[in-house]
Amino acid sequence: MHTDSRCLRCGPVPPLHVPEHIGAEIVASVVERITATAAPPGTPLWCPWPLPPGWTLTGVAYAGDDRTGVRATAVACAGPAPLGGGPADLVFVAEEPGVGLGTRLAGLAGPDPGPELVDALTDPGPGHPDHVGQARIRVAGHPTPLWLVNSSTDRSAYAGEARGMWLHAIAWPASAGHLLAEDVVLHDLTEWTPPELVYGAPSPHLPGRA
């Protein structure tokens with residue numbers, strides 16, 4: 001018997017909480033949960049703001065419990081694919097080392113993207129056939145690189161660091177990762193939640209239920 005939530009592959013993991021619906025009151029309740037269980041600055045809730053044209057916020061989630069506090073958060077959004085061809089989904093994850101939510105959503109084993117980033121950081125550079133490009137976004141006003149890491153073939157995944165935590169961006173379909181080549185700015189919803197946020201149907205990519 002174990003008191004912890006457990007993953008069959010990774011062992012003990014923080015429990016994941018995903019509200020079944022999304023709206024301003026749901027976001028407010030998750031923000032309250034995050035800020036109530038940690039001293040500032042706590043785990044950020046990264047959301048693109050402004051949202052890309054035609055995009056909506058489709059889900060929020062957090063991992064943690066009353067004992068450990070919130071150790072990871074996720075924000076999902078959806079909209080038209082940047083290269084056309086239908087809808088796209090994008091999930092941003094902020095997490096402490098060892099949680100594993102970002103790698104889980106990327107379809108990988110293991111708790112952290114560290115081994116994947118070692119390969120990305122030894123990239124031979126532009127012009128080389130093995131070159132892996134970076135996504136450069138702005139996080140809380142700061143230019144922040146994200147590196148393409150391995151993922152399941154139906155999606156693309158990027159990983160980097162912001163505020164001393166892992167930052168993941170996972171896109172469905174894989175071509176939707178091109179959105180990160182545009183002028184994407186991430187804002188922490190725990191600091192301020194824009195009243196102009198538009199909400200859409202709940203994301204199918206955030207596992208679990210609250």
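This note walks through the sheet, the nonpolar cores, the cysteines and the salt bridges of the structure above.

1. **Ground rules.** Please keep in mind that this is a predicted model, in which local features need pLDDT of at least 70 and side-chain atom pairs count only at pLDDT 80 or more, while totals for chains, interfaces and linings use all residues. Residues are numbered from 1 along each chain as its sequence is written, and side-chain values use heavy atoms, with hydrogens and water left out.

2. Helices (H or I, at least four residues) and strands (E, at least two) are DSSP runs, numbered from the N terminus, and two strands pair if DSSP finds at least two bridges between them.

3. **Strands 6 and 7.** Strand 6 and strand 7 run antiparallel and are joined by nine bridges. If you want a spot to look at, alanine 78 stands opposite aspartate 89 in strand 7.

4. Strand 8 pairs with strand 9 (residues 142–149) in the antiparallel sense over six bridges. Their hairpin has two residues between the strands, and alanine 140 there takes a positive phi near 50°. Valine 139 stands opposite histidine 142 in strand 9. Strand 9 also pairs with strand 10 in the antiparallel sense, over four bridges, and this hairpin has six residues between its strands. Here leucine 148 is opposite tyrosine 158 in strand 10.

5. **Glutamine 134.** This residue lies in strand 8 and is partly exposed, at 38% relative accessibility. On the scale used, buried means under 20% relative accessible area, exposed over 50%, and partly exposed in between (1.4 Å probe, protein chains only). Leaving aside neighbours within four places in sequence, glutamine 134 is in contact (heavy atoms within 4.5 Å) with Pro145, Leu146 and Trp147.

6. **The nonpolar cores.** A nonpolar core is a set of buried Ala, Val, Leu, Ile, Met, Phe, Trp, Tyr and Cys residues joined through side-chain atoms within 4.5 Å. The largest one has 38 residues, and those with the most contacts inside it are Leu90, Ile137, Leu167, Leu180 and Leu186. Among the elements that each supply at least two residues to it are helix 1 (24–36), strand 5 (56–65) and strand 8 (134–139). Helix 1 gives the most, with five residues. Leucine 90 touches residues including Trp55, Val75, Ile170 and Leu180, not counting those up to four places away in sequence.

7. **The cysteines.** The structure holds zero disulfides, a disulfide being a pair of cysteine sulfur atoms within 2.5 Å. For cysteine 47, the nearest cysteine sulfur is that of cysteine 77, 6.5 Å away. Cysteine 47 is buried, with a relative accessible area of 0%. Cysteine 77 also counts as buried, at 1%.

8. **Salt bridges.** The whole structure has five salt bridges, each a side-chain nitrogen of Lys or Arg within 4 Å of a carboxyl oxygen of Asp or Glu. One of them joins glutamate 96 to arginine 71, with the closest N and O atoms 2.9 Å apart. That pair links distant parts of the chain, 25 residues apart: the loop between strand 7 (87–95) and helix 2 (101–106), and strand 6 (residues 69–80). Another joins arginine 155 to aspartate 154, at 2.8 Å; arginine 155 is buried at 17% relative accessibility, whereas aspartate 154 is partly exposed at 39%.

9. Glutamate 191 lies in the segment after strand 12 (185–188) and arginine 163 in the loop between strand 10 (156–162) and strand 11 (165–172), so the pair ties together parts that are 28 residues apart in sequence. Glutamate 191 is exposed at 54%, while arginine 163 is partly exposed at 37%. Through shared partners, salt bridges join Arg163, Asp188 and Glu191 into one network.
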